[in-house]
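Welcome! Have a look at the model below, and then let us walk through its packing and its backbone together.

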Amino acid sequence: MCVNCDSGILSRRGLLTGGLALAMAAPLAARASAETGAAAPVSPDEALQRLMDGNARYVANQPINTDHSAGRASRAQGQQPFAAIVSCADSRVAPELIFDQGPGELFVIRVAGNFINEDGLASLEYGAAVLGIKTILVLGHTACGAVDATIQAIQDNTLPPGHLPSLVNAIRPAVYDAMAAEPEDLLATATARNATLNAERAQTTGPILGDLYAAGKLKAAAGIYDIATGKVNFL
């Protein structure tokens with residue numbers, strides 16, 4: 001994982017210690033802001049609204065972040081993203097484009113099926129405690145192959161080859177929940193449930209994320225990106 005912090009200020013062991021990580025969050029975020037000229041940290045609700053506004057611009061084909069070379073030199077000095085996006089690895093899902101944000105504004109974690117495992121939690125803890133992100137959005141999308149593969153594995157009582165069973169097992173709880181509701185569109189329902197389950201995990205897992213959420217400094221949300229229209233439906 002690439003990080004922009006002084007190793008002398010914060011060790012890996014220190015990052016994994018909740019109290020120290022939270023104590024270091026404010027000064028490191030302030031340092032990043034001073035180096036990059038980024039806006040002051042926003043509240044969780046303001047951060048989520050910024051994502052919504054950016055998606056509206058994307059849908060309307062009116063982006064404002066088009067010069068990705070601007071600010072390149074200052075970004076080399078540090079980063080201060082305002083939100084984390086947990087998205088699917090699907091090649092059609094590009095968070096910076098979907099939310100019309102420039103480089104350095106989103107902390108993106110991608111995995112097929114947009115679920116959060118231990119590595120994902122560690123990445124989100126770093127983003128929240130050190131970089132100062134205010135909101136986490138778990139972003140599913142229409143026609144998700146990972147969710148569909150999980151549905152097929154459950155219905156056929158089989159597992160795919162290689163390491164794919166670990167992906168299926170991570171998404172399995174959401175599919176079971178969706179099946180219990182007997183929806184007309186199982187794939188869409190399971191995709192939404194997968195996003196909401198992982199958003200709940202993101203804001204309740206302690207010690208770092210759960211503590212920030214309890215203090216009102218962090219929120220998580222779920223959304224579904226419609227590949228055909230470009231619109232994100234927030235759940």
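## One aromatic pair

There is one aromatic pair in the structure; to count, the ring centres of Phe, Tyr or Trp (its six-membered ring) must lie within 6.5 Å, with planes under 30 degrees apart called stacked, over 60 edge-to-face and the rest tilted. The partners are Phe107 and Tyr126, a tilted pair with 6.4 Å from centre to centre and 40 degrees between the planes. Since Phe107 belongs to strand 2 and Tyr126 to helix 6, the pair ties together parts 19 residues apart in sequence. Helices (H or I, at least four residues) and strands (E, at least two) are DSSP runs, numbered from the N terminus. Both Phe107 and Tyr126 are buried, where buried means under 20% relative accessible area, exposed over 50% and partly exposed in between (1.4 Å probe, protein chains only).

A word on the ground rules: this is a predicted model, in which local features need pLDDT of at least 70 and side-chain atom pairs count only at pLDDT 80 or more, while totals for chains, interfaces and linings use all residues. Residues are numbered from 1 along each chain as its sequence is written, and side-chain values use heavy atoms, with hydrogens and water left out.

## The overall picture

The protein has ten helices and five strands. Of its 235 residues, 43% are buried. Among contacts (heavy atoms within 4.5 Å) with a separation of 6 or more, 70% are between residues 24 or more positions apart.

The C-alpha atoms of Ser43 and Ile133 are separated by 9.3 Å, although the two residues are 90 apart along the chain. Ser43 counts as partly exposed because its relative accessibility is 28%.

Which residues touch the most other members of the largest nonpolar core? In this core of 25 residues they are Phe107, Ile116, Leu124, Ile133, Ile136, Leu209 and Leu218. A nonpolar core here is a set of buried Ala, Val, Leu, Ile, Met, Phe, Trp, Tyr and Cys residues joined through side-chain atoms within 4.5 Å. Two or more residues each come from strand 1 (83-87), strand 2 (106-110), helix 6 (118-131), strand 3 (135-141), helix 9 (186-204), helix 10 (208-214) and strand 4 (219-225). Helix 6 gives the largest share, seven residues. A second, separate core has 16 residues, including Phe82, Ile85, Ile98 and Phe99.

Leaving aside neighbours within four places in sequence, Ile116 is in contact with Val86, Leu121, Leu124, Val138, Asn198, Arg201 and Ala202.

## Helix 8 and its kink

Helix 8 (residues 164-180) has 17 residues and reaches 24 Å from its first C-alpha to its last, close to the 24 Å expected; the expected span is 1.5 Å times one less than the number of residues. At Arg172, shortly before the proline Pro173, the helix has a kink of about 45 degrees. That bend is the angle between axes fitted to the seven residues ending there and the seven starting there.

The buried residues of helix 8 are Pro165, Leu167, Val168, Ile171, Arg172, Ala174, Val175 and Ala178. They pack against helix 7 (145-156) and helix 9. Just after helix 8, Glu182 takes a positive phi of about 50 degrees.

## Helix 9 and what follows

Gln203 lies in helix 9 and counts as buried because its relative accessibility is 14%. Apart from residues up to four places away in sequence, Gln203 touches Leu209, Gly210, Tyr213, Lys219 and Ala220. A cis peptide bond joins Gly206 and Pro207, with omega about 0 degrees. Pro207 sits in the loop between helix 9 and helix 10.

Asn114, in the loop between strand 2 and helix 6, has a positive phi of about 35 degrees without being a glycine. Asn114 is buried, with a relative accessible area of 1%.

Ala143 is in the loop between strand 3 and helix 7, and its phi is also positive, about 55 degrees. Ala143 is exposed, with a relative accessible area of 52%.
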